[in-house]
Amino acid sequence: MENGSIASTLVFFFLAAVMVVSSILAVTTKKILRAATYLLFVLFATAGLYFYLNYSFLGAVQMTVYAGGIIVLYVFSIFLTSTDEEKNQPIRSHRRWLGFIAAAAGTLLCVYLFQASPWGEVYYRAPEELPMKAIGNALMSADKFGYILPFEALSILLLACIIGGILIARKRQ
Amino acid sequence: MFNSCYTALVPLLPLFSFILLIAFGLRLPGKWAGYIGSVLTGIAAVAAYYTAWTYFSLPLDADGTRPAVEILSWEWLRFTPLLAIRLGIYVDALSAMMWVVITTVSLMVHIYSLGYMAGEKGFARYFAFLGLFSFSMLGLVVAPNIFQTYIFWELVGVSSYLLIGFYYTKPEAVSASKKAFIVTRFADLGFLIGILILSYFTGTFDFQTICGSAQDAAGVGGALFAPALQASFLGLSALSWAMLLIFMGCAGKSALFPLHIWLPDAMEGPTPVSALIHAATMVVAGVFLVARLFPVYALMTPGVLEVIAYVAAFTSLYAAVVACVQTDIKRVLAFSTISQIGFMMVALGVSGYGGHAGEGYTASLFHLFTHAFFKALLFLCAGAIIHTVHSNEMKAMGGLRRYMPVTHLCFLVGCLAIAGIPPFSGFFSKDGILAASFAFHPCMGILMTAIAGLTAFYMFRLYCRIFHGPYSGDTAAAQAEHAEAGHHTPHEAPAVMTAPLVFLAVLSLLTGFIPFGDFLSSDGLPHAFPLQTAVAVCSVLTALVGIGIALYAYGRGPRPAFQRMADQPNAFLRAAKNRFYIDRFYLFITHRIIFQGISTALAWFDRHVIDGVVFGSGKLTEKIARKIRIIQSGQLQTYALILLLGVLCLIGLVLYL
Amino acid sequence: MANIPMTYYLVLSTILFFAGIYGFITRRNLLAMLISVELILNATDINFAVFNRFLFPEHMEGLFFALFSIAISAAETAIAIAIIINIYRNLKHIEAQKLNELNDLK
């Protein structure tokens, strides 16, 4: 238990380090394709975090939709729109500083709030896997705690997105 | 009892005539507009006579007074549970008498105008305005409360304005109409304030309540007037202020000094209009109102009444002197009107209340009654003369008695009546006024008798200059000039014009014999009106002297001696010819002081300070906006940044406050 | 896993979130801004999952919200990329600060 505990702690810190470093690199690197790659790392690490929390289904969805679908979409669109200018022109420095100060201040403020909150004493208690069957039942049920209505609304939204995406991006004659 | 239907017809028919002629006047062929107006006014006159007849045949009350009858009453505005404005028809001896005067003169003027205004542009408009005026004046005199009086008071002002400015292409007529309107409006401001003070303290607009309380000063009246008498301002009680301010309105309408300046200029209007509005009816509205409120003046504020007497006496003297040197015949008549209204006001001013002391009141209204007829007569005659001579100036006339015998006779009757020669009507009424003046103070009596003599002089000067002496048109040069202008030798006016003259002349001859005191007196009790022999002899002798001088000086054309005297560079005569520079004084006040002094400064202030502030604030806003709009760049990322900073600041605030 | 308090996860997601915000404010490329938005959304997803897991382990709301959020961000990304490609096709660039044709200040 002691060893497993140490190993799991190490896993968490590893994932956290990957996410922090990758996210910071993703927003600071000048090359857009690298940014997309760092985003991919962040998303993978997030999926790892979900597995770590025993949300295997969520982690799988994160892997397939984000890493598999969205990043591919990004990469293609980056290829479609890439110009050489972006890496030469620096970001206006005063805005960068303002943005940095705001972000740092926001982070510090949040950290201060968490430190003041009672959540520092909350630990993970029930390390069992959420059964897939329960997720499926909840998603498709119309009972209390059933998610059939948001599920259907989401499917219509996705349909609308497909049509809208085609309409917007198609070439006009 | 009364048939209110007939009574209501009296003011409504002229209103109907006005509406009809304004709406369809231009479509009516020929003189139809005039016929319609005359017929409607004629019916109104008959209804008014009928109303007066019924009213004066009503049985007297137990205490011997004639009861006032309120025929129509309709609540129009209610301010407080106690204070409301009613519109209605209130018939008492005074308003019945006024109705008779107004409808008679109005009817005569309507008929006369059929001839006088024939072929004029705006014929229908003219009759429409006459209808409006008749309606307003009839409504004014039957007002049951002072507020309705005020409403109709302004309406007669408007119709007077419209009729003075009838020839609106003539600049003099336009400026005269503006002058009349502004001067009377200025006076009406005082009137309105007076009404407001009076109603504020007494809590009522009703004449019956106000006058009844004044008569009953010990009882109810004491309670009603107590607050107004107790409140004082600048050493006078509020009631005195109210009555003084109401008198100011009366002075404006009745052309008393120093608000008389509009009346001579108002002669720019058509002559029948001068006869109706500026001689017989509207200008006596002030006298009427003072008479209406007479119990209050006489019993509650005798000091104000005395002021009225002095102002009126001065006006009378001033106007009589000025009338002696005017050469425009309508101006002479205008100043004579001012002088005669002064007489009426003096009579009210010197009168006491009730019985023998109240004879001045009766005499004043008697004079109002007779004056309306003979002054309308004189004006209409002047109209006939001007119509044929095409000039207002005396020097274009002379010797007209051969050409216009009927007009000549009628004018002579009018002159004798105004001069106060028995048995013409003016003699009787003027005698009453002089008697009351003597009873007030011998000096006042002597002054008024002297003015009566002056009246006789200037009227006969006018008469002689028009009808006697050589006719100016007889000279070859004048004839050539006449022919050139398409004029003709003078001739008698058509029958439609002479008939009203003859009718009014007959009235001037006969109305003096009416036992007026039986109908109208200050306290409502019939009171015999005895002729004061001593006063009568004095006044007739003075008048005869005046006539004699006039005949001697002007009987066969102006005598050289008088002409020389008139031409001498005499400061007094020059001043009199210029109306003692009162008009110039007003011009100086308005142009030099108000326009140039105050208005220029105000205009500068408005242009530079007020506009500066307004434009400045606009410019400032624009400048600030130009600076601020840079923030609103349309850059989504900037917005996001500012949003984030704002949220952080808010959270910080919430945490640390 | 049992000895890591919830606050650590929250700090992690906060860092992700503000990194996304920083990117959104400072990046010039529309696609880079979109990547930053993905970071922000990802941070909220983590929060959903963590709050569910730590505070209400017997319920599934957080899980499902994270799930739906992933789906919605996928939809949003698809539309946004379609728009960006359209902009690129018309203007030959996707610089956020140069998209100011409607602004007379420039």
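This report walks through a few packing features of a predicted model.

## Where chain C meets chain A

Let's start with the C–A interface. On the chain C side, 59 residues are in contact with 71 residues of chain A. Three helices of chain C, namely α1 (6–26), α2 (30–55) and α3 (61–91), each put at least two residues into the side that touches chain A. The largest share of that side comes from α3(C), with 20 residues.

What is the chain C side made of, in terms of nonpolar, polar and charged residues? It divides into 44 nonpolar, 11 polar and 4 charged residues.

## A closer look at C:Leu63

Staying with chain C, C:Leu63 sits in helix α3. Is this residue buried or exposed? C:Leu63 counts as buried because 25 other C-beta atoms lie within 10 Å, and the cut-off for that label is 20 or more.

Which residues does C:Leu63 touch, once its neighbours within four places in sequence are left aside? Its contacts are A:Tyr55 and A:Leu58 over in chain A, plus C:Ala49 and C:Asn52 in its own chain. Take C:Asn52: it is 11 residues away from C:Leu63 in sequence, with a C-alpha to C-alpha separation of 6.9 Å.

## Helix α5 of chain A

Over in chain A, helix α5 covers residues 93–116, which is 24 residues. From first C-alpha to last it reaches 34 Å, close to the 34 Å expected at 1.5 Å a residue.

The buried residues of α5(A) are A:Gly99, A:Ala102, A:Ala103 and A:Gly106. And what do they pack against? Their partners are α27 (636–656) of chain B together with α1 of chain C.

## A helix pair inside chain B

Now for chain B, where helix α14 (residues 302–323) and helix α19 (residues 442–467) have axes that come within 9 Å and cross at roughly 25°. An angle under 35 degrees counts as roughly parallel, so α14(B) is roughly parallel to α19(B). As for handedness, α14(B) passes α19(B) in a left-handed crossing.

Which residues make this contact? From α14(B) come B:Ala313, B:Ser316, B:Leu317, B:Ala320, B:Val321 and B:Ala323. On the α19(B) side they meet B:Met444, B:Leu447, B:Met448, B:Ile451, B:Leu454, B:Thr455 and B:Tyr458. The residues of this contact split into 11 nonpolar and 2 polar, with no charged ones.

How values were computed. Residues are numbered from 1 along each chain as its sequence is written. Chains are lettered from A and ligands numbered from 1 in the order in which they are written. This is a predicted model: local features need pLDDT of at least 70, side-chain atom pairs count only at pLDDT 80 or more; totals for chains, interfaces and linings use all residues. Two residues are in contact if their C-beta atoms, placed from the backbone, lie within 7 Å. Helices (H or I, at least four residues) and strands (E, at least two) are DSSP runs, numbered from the N terminus. Ala, Val, Leu, Ile, Met, Phe, Trp, Tyr, Cys and Pro count as nonpolar, Asp, Glu, Lys and Arg as charged, and the others, Gly among them, as polar. The expected span of a helix is 1.5 Å times one less than its number of residues. A residue is buried if 20 or more other C-beta atoms lie within 10 Å of its own, exposed if 12 or fewer, and partly exposed in between; C-beta atoms are placed from the backbone. Axes are lines fitted to C-alpha atoms, for helices over the stretch in contact, and angles run from 0 to 180 degrees between N-to-C directions. Angles under 35 degrees count as roughly parallel, over 145 as roughly antiparallel, 65 to 115 as roughly perpendicular and the rest as oblique. A crossing is left-handed if the near helix is turned anticlockwise from the far one by less than a right angle, and right-handed if clockwise.
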